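The entries follow the order in which I consulted the model.

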Amino acid sequence: MRLHRNLCFAVIDGLTLIFNEGKYADKVIQQLLKRDKRWGARDRGFVAETTYEMVRWKRLYAEIAEVKEPFDRDNLWRMFAVWATLKGIKLPDWKYFEGTPLRKIKGRYDELSKIRKFKESIPDWMDEIGRKELGDAIWGKEIAALNQQADVILRVNTLKTTKEKLQTELFDLDIETEFVANHPSALKLRERANVFSTENFKKGHFEVQDANSQLVAEFLNVEPGMRVVDACAGAGGKTLHLAALMENKGQIIAMDIYENKLNELKRRAKRNGAHNIENRVIDSTKPIKKLYDKADRVLIDAPCSGLGVLRRNPDAKWKLQPEFIDKIKITQQEILQQYSRMVKAGGQMVYATCSVLPSENQEQVKTFLESEAGANFSLVKDKKLLSHKSGFDGFYMALLERKA
(Lines give C-alpha, C1' and ligand atoms only; values in the text may rest on other atoms or scores of the structure.)
Protein backbone atom coordinates (compact mmCIF):
# COMPACT_ATOMS: atom_id res chain seq x y z
CA MET A 1 0.00 0.00 0.00
CA ARG A 2 1.27 3.48 -0.91
CA LEU A 3 0.48 6.35 1.43
CA HIS A 4 -0.99 9.49 -0.17
CA ARG A 5 -0.23 12.80 1.47
CA ASN A 6 -3.74 14.33 1.23
CA LEU A 7 -5.38 11.24 2.76
CA CYS A 8 -2.85 11.08 5.61
CA PHE A 9 -3.38 14.79 6.31
CA ALA A 10 -7.12 14.18 6.55
CA VAL A 11 -6.52 11.46 9.15
CA ILE A 12 -4.22 13.71 11.23
CA ASP A 13 -6.75 16.56 11.09
CA GLY A 14 -9.52 14.20 12.17
CA LEU A 15 -7.49 12.83 15.10
CA THR A 16 -6.73 16.38 16.29
CA LEU A 17 -10.48 17.07 16.54
CA ILE A 18 -11.27 13.72 18.20
CA PHE A 19 -8.40 13.57 20.71
CA ASN A 20 -7.85 17.25 21.52
CA GLU A 21 -11.28 18.79 21.06
CA GLY A 22 -13.46 15.92 22.28
CA LYS A 23 -15.42 15.66 19.01
CA TYR A 24 -17.27 12.41 18.24
CA ALA A 25 -15.38 10.15 15.84
CA ASP A 26 -18.37 9.29 13.62
CA LYS A 27 -19.26 12.99 13.14
CA VAL A 28 -15.64 13.95 12.40
CA ILE A 29 -15.31 11.16 9.84
CA GLN A 30 -18.59 12.19 8.14
CA GLN A 31 -17.10 15.68 7.70
CA LEU A 32 -13.71 14.39 6.52
CA LEU A 33 -15.33 12.27 3.80
CA LYS A 34 -16.90 15.37 2.23
CA ARG A 35 -13.50 17.06 2.03
CA ASP A 36 -12.51 16.16 -1.52
CA LYS A 37 -15.01 15.28 -4.24
CA ARG A 38 -12.30 13.52 -6.24
CA TRP A 39 -11.82 10.82 -3.62
CA GLY A 40 -13.08 7.41 -4.67
CA ALA A 41 -14.51 4.69 -2.44
CA ARG A 42 -11.04 3.34 -1.66
CA ASP A 43 -9.74 6.77 -0.59
CA ARG A 44 -12.73 7.39 1.65
CA GLY A 45 -12.39 3.87 3.06
CA PHE A 46 -8.73 4.56 3.92
CA VAL A 47 -9.57 7.80 5.74
CA ALA A 48 -12.48 6.32 7.72
CA GLU A 49 -10.86 3.03 8.64
CA THR A 50 -7.43 4.47 9.50
CA THR A 51 -8.98 7.16 11.71
CA TYR A 52 -11.10 4.57 13.52
CA GLU A 53 -8.09 2.24 13.93
CA MET A 54 -6.00 5.00 15.47
CA VAL A 55 -8.82 5.96 17.82
CA ARG A 56 -9.27 2.32 18.80
CA TRP A 57 -5.58 1.74 19.54
CA LYS A 58 -4.80 5.22 20.89
CA ARG A 59 -3.26 4.10 24.18
CA LEU A 60 -1.10 1.40 22.62
CA TYR A 61 0.19 3.63 19.79
CA ALA A 62 0.85 6.58 22.12
CA GLU A 63 2.79 4.32 24.50
CA ILE A 64 4.90 2.89 21.66
CA ALA A 65 5.47 6.38 20.18
CA GLU A 66 6.30 7.69 23.69
CA VAL A 67 3.92 10.66 23.41
CA LYS A 68 1.41 12.02 25.89
CA GLU A 69 -1.87 13.93 25.61
CA PRO A 70 -2.73 16.55 24.54
CA PHE A 71 -1.12 15.43 21.27
CA ASP A 72 0.41 18.05 19.00
CA ARG A 73 0.65 17.32 15.26
CA ASP A 74 4.18 15.90 15.59
CA ASN A 75 2.89 13.48 18.24
CA LEU A 76 0.08 12.38 15.92
CA TRP A 77 2.52 11.80 13.04
CA ARG A 78 4.64 9.67 15.38
CA MET A 79 1.55 7.61 16.27
CA PHE A 80 0.70 7.39 12.57
CA ALA A 81 4.21 6.02 11.91
CA VAL A 82 3.56 3.36 14.58
CA TRP A 83 0.25 2.42 12.91
CA ALA A 84 1.88 2.15 9.46
CA THR A 85 4.91 0.19 10.73
CA LEU A 86 2.75 -2.36 12.57
CA LYS A 87 0.63 -2.72 9.40
CA GLY A 88 3.77 -3.43 7.39
CA ILE A 89 3.33 -0.27 5.28
CA LYS A 90 6.53 1.30 3.94
CA LEU A 91 6.93 4.86 5.24
CA PRO A 92 7.55 7.44 2.48
CA ASP A 93 10.46 9.87 2.89
CA TRP A 94 8.35 12.71 4.26
CA LYS A 95 9.78 14.98 6.96
CA TYR A 96 7.17 13.69 9.47
CA PHE A 97 8.72 10.22 9.37
CA GLU A 98 12.38 11.17 9.62
CA GLY A 99 14.20 9.04 12.15
CA THR A 100 11.29 6.67 12.81
CA PRO A 101 12.83 3.78 14.86
CA LEU A 102 11.24 0.85 13.01
CA ARG A 103 12.89 -1.95 15.00
CA LYS A 104 12.18 -0.25 18.31
CA ILE A 105 8.49 0.08 17.39
CA LYS A 106 8.17 -3.65 16.79
CA GLY A 107 10.11 -4.46 19.97
CA ARG A 108 7.94 -2.13 22.08
CA TYR A 109 4.82 -3.68 20.56
CA ASP A 110 5.92 -7.21 21.52
CA GLU A 111 6.71 -6.03 25.04
CA LEU A 112 3.43 -4.10 25.61
CA SER A 113 1.32 -6.90 24.11
CA LYS A 114 1.94 -8.87 27.31
CA ILE A 115 -0.01 -6.27 29.37
CA ARG A 116 -3.76 -6.28 28.69
CA LYS A 117 -4.51 -2.58 29.24
CA PHE A 118 -1.92 -1.75 26.54
CA LYS A 119 -2.58 -4.74 24.32
CA GLU A 120 -6.32 -3.97 24.21
CA SER A 121 -5.70 -0.22 24.48
CA ILE A 122 -8.08 0.64 27.32
CA PRO A 123 -7.97 2.89 30.39
CA ASP A 124 -6.88 1.28 33.67
CA TRP A 125 -10.30 1.77 35.29
CA MET A 126 -12.07 -0.02 32.42
CA ASP A 127 -9.76 -3.01 32.66
CA GLU A 128 -10.39 -3.07 36.41
CA ILE A 129 -14.20 -2.92 36.19
CA GLY A 130 -14.34 -5.53 33.39
CA ARG A 131 -12.12 -7.92 35.34
CA LYS A 132 -14.08 -7.40 38.54
CA GLU A 133 -17.50 -7.96 36.95
CA LEU A 134 -16.81 -10.64 34.33
CA GLY A 135 -13.74 -12.39 35.72
CA ASP A 136 -10.28 -12.23 34.19
CA ALA A 137 -10.66 -14.89 31.49
CA ILE A 138 -14.04 -13.78 30.11
CA TRP A 139 -13.16 -10.09 30.22
CA GLY A 140 -9.92 -10.78 28.32
CA LYS A 141 -11.84 -12.52 25.51
CA GLU A 142 -14.64 -9.95 25.54
CA ILE A 143 -12.48 -6.82 25.28
CA ALA A 144 -10.45 -8.47 22.50
CA ALA A 145 -13.71 -9.09 20.58
CA LEU A 146 -14.90 -5.51 21.24
CA ASN A 147 -11.73 -4.23 19.58
CA GLN A 148 -12.57 -5.91 16.26
CA GLN A 149 -14.15 -3.90 13.47
CA ALA A 150 -17.92 -4.46 13.48
CA ASP A 151 -19.60 -6.14 10.50
CA VAL A 152 -22.23 -4.19 8.57
CA ILE A 153 -25.60 -5.84 9.29
CA LEU A 154 -28.88 -4.88 7.67
CA ARG A 155 -32.31 -5.40 9.16
CA VAL A 156 -34.74 -6.13 6.35
CA ASN A 157 -37.92 -4.04 6.62
CA THR A 158 -40.59 -6.71 6.21
CA LEU A 159 -43.27 -4.02 5.78
CA LYS A 160 -41.82 -3.43 2.31
CA THR A 161 -39.83 -6.43 1.15
CA THR A 162 -38.45 -9.87 2.03
CA LYS A 163 -34.96 -10.99 2.97
CA GLU A 164 -34.62 -13.07 -0.21
CA LYS A 165 -35.81 -10.25 -2.51
CA LEU A 166 -33.53 -7.66 -0.90
CA GLN A 167 -30.57 -10.03 -1.10
CA THR A 168 -31.14 -10.52 -4.84
CA GLU A 169 -31.56 -6.79 -5.52
CA LEU A 170 -28.38 -5.91 -3.61
CA PHE A 171 -26.51 -8.69 -5.45
CA ASP A 172 -27.44 -6.95 -8.72
CA LEU A 173 -25.69 -3.83 -7.32
CA ASP A 174 -22.55 -5.91 -6.57
CA ILE A 175 -23.31 -5.93 -2.84
CA GLU A 176 -23.06 -9.51 -1.59
CA THR A 177 -24.82 -10.50 1.62
CA GLU A 178 -25.42 -13.63 3.65
CA PHE A 179 -28.16 -14.75 6.04
CA VAL A 180 -27.36 -14.79 9.78
CA ALA A 181 -28.45 -17.91 11.68
CA ASN A 182 -31.13 -17.29 14.36
CA HIS A 183 -31.61 -13.67 13.24
CA PRO A 184 -34.74 -13.80 11.04
CA SER A 185 -34.47 -10.30 9.52
CA ALA A 186 -30.68 -9.93 9.28
CA LEU A 187 -28.41 -9.75 6.24
CA LYS A 188 -24.66 -9.47 6.73
CA LEU A 189 -22.52 -7.70 4.14
CA ARG A 190 -19.61 -9.82 2.88
CA GLU A 191 -17.61 -6.65 2.22
CA ARG A 192 -18.13 -3.09 3.41
CA ALA A 193 -20.12 -0.93 0.98
CA ASN A 194 -21.98 2.38 1.05
CA VAL A 195 -25.48 0.94 1.37
CA PHE A 196 -27.00 4.35 2.18
CA SER A 197 -26.64 5.51 -1.43
CA THR A 198 -28.74 2.61 -2.77
CA GLU A 199 -32.31 3.01 -4.01
CA ASN A 200 -33.30 0.18 -1.64
CA PHE A 201 -32.25 2.26 1.37
CA LYS A 202 -33.99 5.39 0.07
CA LYS A 203 -37.18 3.37 -0.40
CA GLY A 204 -36.96 2.08 3.20
CA HIS A 205 -36.28 -1.57 2.40
CA PHE A 206 -33.74 -1.89 5.22
CA GLU A 207 -32.03 -0.21 8.17
CA VAL A 208 -28.45 -0.78 9.33
CA GLN A 209 -28.71 -2.49 12.74
CA ASP A 210 -26.43 -4.92 14.58
CA ALA A 211 -27.67 -8.53 14.60
CA ASN A 212 -27.89 -8.75 18.41
CA SER A 213 -29.68 -5.41 18.59
CA GLN A 214 -32.31 -6.95 16.30
CA LEU A 215 -33.10 -9.57 18.95
CA VAL A 216 -34.38 -6.98 21.44
CA ALA A 217 -37.67 -6.12 19.67
CA GLU A 218 -38.31 -9.83 19.05
CA PHE A 219 -37.81 -10.55 22.77
CA LEU A 220 -40.86 -8.38 23.57
CA ASN A 221 -43.37 -10.86 22.06
CA VAL A 222 -45.42 -8.18 20.30
CA GLU A 223 -48.46 -9.00 18.19
CA PRO A 224 -50.44 -6.95 15.67
CA GLY A 225 -53.10 -4.84 17.36
CA MET A 226 -51.31 -4.37 20.68
CA ARG A 227 -50.56 -1.10 22.43
CA VAL A 228 -46.78 -0.97 22.82
CA VAL A 229 -44.62 1.68 24.49
CA ASP A 230 -40.98 2.11 23.47
CA ALA A 231 -40.00 4.19 26.48
CA CYS A 232 -36.40 5.15 25.53
CA ALA A 233 -36.91 5.18 21.77
CA GLY A 234 -34.06 7.48 20.73
CA ALA A 235 -33.90 7.70 16.93
CA GLY A 236 -36.03 4.57 16.80
CA GLY A 237 -34.05 1.64 15.42
CA LYS A 238 -35.95 -0.81 17.63
CA THR A 239 -39.24 1.14 17.28
CA LEU A 240 -39.18 0.58 13.51
CA HIS A 241 -38.49 -3.11 14.06
CA LEU A 242 -41.50 -3.31 16.43
CA ALA A 243 -43.68 -1.68 13.74
CA ALA A 244 -42.62 -4.36 11.25
CA LEU A 245 -43.22 -7.18 13.75
CA MET A 246 -46.70 -5.72 14.41
CA GLU A 247 -47.39 -5.49 10.65
CA ASN A 248 -48.32 -1.80 11.12
CA LYS A 249 -51.35 -2.83 13.20
CA GLY A 250 -52.02 -1.52 16.71
CA GLN A 251 -50.23 1.40 18.32
CA ILE A 252 -46.61 2.10 19.20
CA ILE A 253 -45.95 5.07 21.47
CA ALA A 254 -42.33 6.13 21.02
CA MET A 255 -41.06 8.18 23.96
CA ASP A 256 -37.79 9.93 24.69
CA ILE A 257 -36.47 12.90 26.63
CA TYR A 258 -34.79 14.24 23.45
CA GLU A 259 -37.19 15.74 20.93
CA ASN A 260 -34.55 15.91 18.16
CA LYS A 261 -34.13 12.11 18.32
CA LEU A 262 -37.89 11.62 17.96
CA ASN A 263 -37.86 13.98 14.96
CA GLU A 264 -35.26 11.74 13.36
CA LEU A 265 -37.51 8.74 14.11
CA LYS A 266 -40.38 10.54 12.35
CA ARG A 267 -38.26 10.85 9.19
CA ARG A 268 -37.16 7.23 9.37
CA ALA A 269 -40.71 5.98 10.00
CA LYS A 270 -41.90 7.78 6.87
CA ARG A 271 -39.17 6.14 4.79
CA ASN A 272 -39.95 2.74 6.35
CA GLY A 273 -43.69 3.04 5.72
CA ALA A 274 -44.36 2.55 9.46
CA HIS A 275 -47.70 4.24 10.17
CA ASN A 276 -48.56 3.02 13.66
CA ILE A 277 -45.98 5.09 15.58
CA GLU A 278 -46.88 8.09 17.71
CA ASN A 279 -44.07 10.20 19.22
CA ARG A 280 -44.29 11.68 22.72
CA VAL A 281 -41.56 13.75 24.36
CA ILE A 282 -40.96 13.04 28.06
CA ASP A 283 -40.76 16.65 29.27
CA SER A 284 -42.22 15.92 32.73
CA THR A 285 -43.64 12.91 34.62
CA LYS A 286 -47.05 13.57 33.01
CA PRO A 287 -46.64 11.62 29.74
CA ILE A 288 -45.61 8.54 31.75
CA LYS A 289 -48.40 8.86 34.33
CA LYS A 290 -50.99 9.13 31.56
CA LEU A 291 -50.01 5.63 30.44
CA TYR A 292 -50.04 3.89 33.83
CA ASP A 293 -51.63 0.40 33.50
CA LYS A 294 -52.38 0.93 29.80
CA ALA A 295 -49.66 -0.86 27.78
CA ASP A 296 -49.68 -4.50 26.63
CA ARG A 297 -45.92 -4.27 26.17
CA VAL A 298 -43.22 -1.84 27.31
CA LEU A 299 -39.66 -1.74 25.98
CA ILE A 300 -37.05 -0.09 28.18
CA ASP A 301 -33.90 0.13 26.05
CA ALA A 302 -32.15 1.79 28.97
CA PRO A 303 -29.35 4.36 28.78
CA CYS A 304 -26.12 2.59 29.73
CA SER A 305 -22.31 2.62 29.60
CA GLY A 306 -22.38 1.30 26.01
CA LEU A 307 -19.55 -1.12 26.81
CA GLY A 308 -21.13 -3.71 24.52
CA VAL A 309 -20.89 -1.49 21.43
CA LEU A 310 -17.25 -0.36 21.58
CA ARG A 311 -16.63 -2.00 18.19
CA ARG A 312 -18.69 0.69 16.47
CA ASN A 313 -17.92 3.48 18.98
CA PRO A 314 -14.21 3.06 19.76
CA ASP A 315 -13.90 6.67 20.97
CA ALA A 316 -16.27 5.80 23.85
CA LYS A 317 -13.26 4.07 25.45
CA TRP A 318 -11.73 7.52 25.99
CA LYS A 319 -14.91 9.55 26.61
CA LEU A 320 -16.48 7.21 29.17
CA GLN A 321 -15.66 7.83 32.84
CA PRO A 322 -16.24 5.54 35.86
CA GLU A 323 -18.38 8.26 37.51
CA PHE A 324 -20.75 8.11 34.52
CA ILE A 325 -21.31 4.38 35.10
CA ASP A 326 -22.14 4.99 38.76
CA LYS A 327 -24.60 7.72 37.77
CA ILE A 328 -26.25 5.78 34.94
CA LYS A 329 -26.98 2.84 37.25
CA ILE A 330 -29.09 5.16 39.44
CA THR A 331 -30.92 6.38 36.31
CA GLN A 332 -31.51 2.81 35.11
CA GLN A 333 -33.19 1.85 38.39
CA GLU A 334 -35.29 5.04 38.44
CA ILE A 335 -36.49 4.31 34.89
CA LEU A 336 -37.39 0.72 35.80
CA GLN A 337 -39.31 1.88 38.87
CA GLN A 338 -41.28 4.56 36.99
CA TYR A 339 -41.80 3.16 33.52
CA SER A 340 -42.79 -0.33 34.68
CA ARG A 341 -46.04 1.24 35.92
CA MET A 342 -47.17 1.63 32.29
CA VAL A 343 -47.47 -2.17 31.94
CA LYS A 344 -51.03 -3.35 32.43
CA ALA A 345 -51.93 -6.46 34.44
CA GLY A 346 -50.89 -9.54 32.44
CA GLY A 347 -48.67 -7.39 30.22
CA GLN A 348 -44.93 -7.77 29.58
CA MET A 349 -41.85 -5.57 29.65
CA VAL A 350 -38.31 -5.91 28.32
CA TYR A 351 -35.38 -4.24 30.07
CA ALA A 352 -32.39 -4.10 27.72
CA THR A 353 -28.94 -2.50 27.58
CA CYS A 354 -25.96 -2.55 25.21
CA SER A 355 -23.63 -3.16 28.14
CA VAL A 356 -21.82 -6.34 29.18
CA LEU A 357 -21.62 -5.43 32.89
CA PRO A 358 -23.82 -7.52 35.23
CA SER A 359 -24.20 -4.45 37.51
CA GLU A 360 -26.13 -2.70 34.71
CA ASN A 361 -28.01 -5.85 33.76
CA GLN A 362 -28.91 -8.85 35.93
CA GLU A 363 -28.30 -6.89 39.13
CA GLN A 364 -30.64 -4.07 38.06
CA VAL A 365 -33.41 -6.58 37.32
CA LYS A 366 -32.83 -8.31 40.68
CA THR A 367 -32.98 -4.96 42.54
CA PHE A 368 -36.19 -4.06 40.70
CA LEU A 369 -37.88 -7.42 41.45
CA GLU A 370 -37.03 -7.05 45.14
CA SER A 371 -38.51 -3.54 45.30
CA GLU A 372 -42.08 -2.50 45.96
CA ALA A 373 -42.64 -1.51 42.31
CA GLY A 374 -41.35 -4.89 41.11
CA ALA A 375 -43.29 -6.99 43.60
CA ASN A 376 -46.04 -7.81 41.08
CA PHE A 377 -43.58 -8.68 38.29
CA SER A 378 -41.78 -11.95 37.60
CA LEU A 379 -38.79 -12.72 35.39
CA VAL A 380 -39.86 -14.85 32.41
CA LYS A 381 -36.38 -15.21 30.85
CA ASP A 382 -33.24 -13.22 30.13
CA LYS A 383 -30.46 -13.31 27.57
CA LYS A 384 -26.84 -12.27 27.95
CA LEU A 385 -25.07 -11.76 24.61
CA LEU A 386 -21.31 -11.41 24.74
CA SER A 387 -19.37 -10.26 21.71
CA HIS A 388 -16.69 -12.96 21.88
CA LYS A 389 -19.36 -15.67 21.75
CA SER A 390 -21.79 -14.19 19.23
CA GLY A 391 -19.48 -12.18 16.96
CA PHE A 392 -21.88 -9.23 17.27
CA ASP A 393 -22.42 -6.43 19.81
CA GLY A 394 -22.70 -7.12 23.54
CA PHE A 395 -26.30 -6.93 24.81
CA TYR A 396 -28.50 -7.90 27.71
CA MET A 397 -32.29 -8.32 27.71
CA ALA A 398 -34.75 -9.47 30.36
CA LEU A 399 -38.43 -10.25 29.77
CA LEU A 400 -40.62 -9.48 32.80
CA GLU A 401 -44.31 -10.15 33.20
CA ARG A 402 -46.78 -8.28 35.37
CA LYS A 403 -49.05 -10.61 37.28
CA ALA A 404 -52.63 -10.67 35.99
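**Entry 1**

I began with the buried residues of α13, which are Lys238, Thr239, Leu240, His241, Leu242, Ala243 and Ala244. I note at the outset that this is a predicted model. Just after α13 I found Glu247 with a positive phi of about 55 degrees.

I then turned to Ala231, which lies in the loop between β5 (227-230) and α13. Is Ala231 buried or exposed? Its relative accessibility is 1%, and therefore Ala231 counts as buried. Leaving out residues up to four places away in sequence, I listed its contacts as Met255, Asp256, Ile282, Val298, Leu299, Tyr339 and Met342. I also looked up Ile288, which is 57 residues from Ala231 along the chain; the C-alpha atoms of the two are separated by 8.8 Å.

**Entry 1. The sheet of 7 strands**

I next traced an open sheet of 7 strands, in which the pairing is mixed and the order is β7-β6-β5-β8-β9-β11-β10. Which strands stand at the edges? They are β7 (277-281) and β10 (377-385); each has a single partner strand, so one side of each is left without a neighbour in the sheet. From one strand to the next, the twist averages 15 degrees.

Within this sheet I examined β9 (residues 343-353) and β11 (residues 395-402), which run antiparallel and are joined by 6 bridges. Opposite Val350 I found Leu399 in β11. Helix α17 (residues 322-339) packs on the sheet and touches β8 (295-301) and β9. The direction of α17 makes about 165 degrees with that of β9.

**Entry 2. The sheet of 4 strands**

I then followed an open sheet of 4 strands, with antiparallel pairing and the order β2-β3-β1-β4. Its edge strands are β2 and β4 (206-208), each of which pairs on one side only. Here the twist averages 35 degrees from one strand to the next.

For the pairing of β1 (residues 153-156) with β3 (residues 186-189), I noted 3 bridges in the antiparallel sense. Ile153 stands opposite Lys188 in β3. Which helix packs on this sheet? I identified α10 (residues 163-172), which touches β1, β2, β3 and β4 and whose direction makes about 160 degrees with that of β2.

Apart from residues up to four places away in sequence, Thr177 touches Gln167, Leu170, Leu187, Lys188, Leu189 and Arg190.

**Entry 3. The nonpolar cores**

Which residues touch the most other members of the largest nonpolar core? Among its 41 residues, I found these to be Phe46, Met79, Phe80 and Trp83. At least two residues of this core come from each of α1 (5-20), α2 (25-32), α3 (41-56), α4 (58-65), α5 (73-86) and α6 (102-112).

I listed the contacts of Phe46, leaving aside its neighbours within four places in sequence: Met1, Leu3, Leu7, Cys8, Val11, Thr51, Phe80 and Trp83. There is also a second, separate core of 30 residues, which includes Ala217, Val222, Val228 and Val350.

I returned to α4, where 7 of the 8 residues are buried, so the helix is largely enclosed by the rest of the structure. The buried residues of α4 are Lys58, Arg59, Leu60, Tyr61, Ala62, Ile64 and Ala65. Following α4 is Glu66, whose phi is positive, near 60 degrees.

At what angle do the axes of α5 and α6 cross? They cross at roughly 80 degrees and come within 10 Å. I therefore recorded α5 as roughly perpendicular to α6. In this contact, Ala81, Val82, Thr85 and Leu86 of α5 meet Leu102, Ile105, Lys106 and Tyr109 of α6. I sorted the residues of the contact into 6 nonpolar, 1 polar and 1 charged.

Note on methods: Residues are numbered from 1 along each chain as its sequence is written. This is a predicted model: local features need pLDDT of at least 70, side-chain atom pairs count only at pLDDT 80 or more; totals for chains, interfaces and linings use all residues. Side-chain values use heavy atoms; hydrogens and water are left out. A nonpolar core is a set of buried Ala, Val, Leu, Ile, Met, Phe, Trp, Tyr and Cys residues joined through side-chain atoms within 4.5 Å. Buried means under 20% relative accessible area, exposed over 50%, partly exposed in between (1.4 Å probe, protein chains only). Contact means heavy atoms within 4.5 Å. Axes are lines fitted to C-alpha atoms, for helices over the stretch in contact, and angles run from 0 to 180 degrees between N-to-C directions. Angles under 35 degrees count as roughly parallel, over 145 as roughly antiparallel, 65 to 115 as roughly perpendicular and the rest as oblique. Ala, Val, Leu, Ile, Met, Phe, Trp, Tyr, Cys and Pro count as nonpolar, Asp, Glu, Lys and Arg as charged, and the others, Gly among them, as polar. Two strands pair if DSSP finds at least two bridges between them.
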